[in-house]
Amino acid sequence: MIFSKIIWNPVEGIDLGFFIIRFYSLMFVVAFSLGWYLMKKIYIRENISIEKLDSIFIYAVVATLIGARLGHVFFYDWDYYKNNLLEIILPFRFKPTFEFIGFQGLASHGAAIGIIIAMYYYSKNIIQKHILWILDRIVIPVAFGAIFVRLGNFFNSEIIGNPSGDSAFGVKFVRDGLRKSEAVKETGIKNINDAYSAIVNDPKFTDTLEAIPYRHPAQLYEAFGYVFVAAILWLLYWKTDKRNNPGFLFGAFLVLLWTVRFIVEFVKKSQGGFEDSLGDVLSTGQWLSVPFILAGLFFIIRSLKKKEVN
């Protein structure tokens with residue numbers, strides 16, 4: 001079985017000596033680069049000036065990063081950030097001590113909202129087409145990009161699943177199960193990569209390793225689901241005339257992608273948010289996915305009654 005009792009302890013990235021190319025950042029680069037390539041093929045087919053491609057790339061990158069960041073802040077961790085407002089926009093933690101932490105926390109729901117808003121301004125100011133025209137096309141590279149973002153999460157050992165129990169199907173995320181400070185304290189090794197390697201490979205740390213549970217690789221479940229979402233959208237665009245039904249591809253994207261997200265959330269470790277205040281019936285990610293799915297159904301039904309828009 002592919003994920004049968006895997007011990008997952010990757011290094012942070014490719015060490016160039018003077019700089020580390022982190023795998024998570026590399027996956028974002030791959031996602032945006034692939035998105036640019038796919039949109040170029042679409043623009044060529046639609047006889048749209050390639051000069052307008054650079055603009056959509058900038059709009060998409062900025063909207064994704066800002067939207068994903070604010071989505072995490074407001075949907076998942078507002079109780080913390082409302083008392084630490086500067087940390088929303090600065091990559092530092094000020095309490096209990098000052099330290100550089102980067103921007104920790106990106107939410108795909110926020111990214112989706114950010115992209116929709118950005119495409120409205122792009123369609124109005126750059127391409128001069130109806131917003132549904134661009135949304136029906138931008139969702140194709142977005143779906144492909146989502147695959148690589150989740151792979152980046154896997155490399156980062158984040159957004160992991162619940163314990164897989166006695167099942168033979170599971171991954172032991174060493175860097176999630178044991179914090180850096182704990183790994184250093186346990187081994188006495190200051191180099192964090194060497195400390196984690198010792199815990200995995202040195203028999204005297206067997207008990208420590210055994211205490212870390214095997215979990216569902218929820219990131220890979222999502223990535224696998226998004227492969228089908230991306231393929232379906234690609235085929236609908238290139239092999240059918242559904243691209244001429246304004247809102248159909250956009251609606252299909254919303255239904256398919258957020259349904260995958262909704263299903264995977266059942267085995268995903270809680271990311272926090274407001275789920276407890278709603279009775280813990282569904283996770284925060286599931287509650288946030290429902291409006292997107294309903295909106296998608298609306299656009300699909302509406303599109304079947306509409307003619308092509310420019």
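1. Is Phe155 buried, partly exposed or exposed? With a relative accessible area of 27%, Phe155 is partly exposed, where buried means under 20% relative accessible area, exposed over 50% and partly exposed in between (1.4 Å probe, protein chains only). Trp8, at 18% relative accessibility, counts as buried.

2. This is a predicted model, in which local features need pLDDT of at least 70 and side-chain atom pairs count only at pLDDT 80 or more, while totals for chains, interfaces and linings use all residues. Residues are numbered from 1 along each chain as its sequence is written, and side-chain values use heavy atoms, with hydrogens and water left out.

3. Trp8 and Phe155 form a tilted aromatic pair, 5.9 Å centre to centre with 50° between the planes; rings of Phe, Tyr and Trp (its six-membered ring) pair if their centres lie within 6.5 Å, and planes under 30 degrees apart count as stacked, over 60 as edge-to-face and the rest as tilted.

4. Lys129 lies over the face of Trp133, at 4.9 Å from the ring centre, the criterion being NZ of Lys or CZ of Arg within 6 Å of the ring centre and within 35 degrees of the ring normal.
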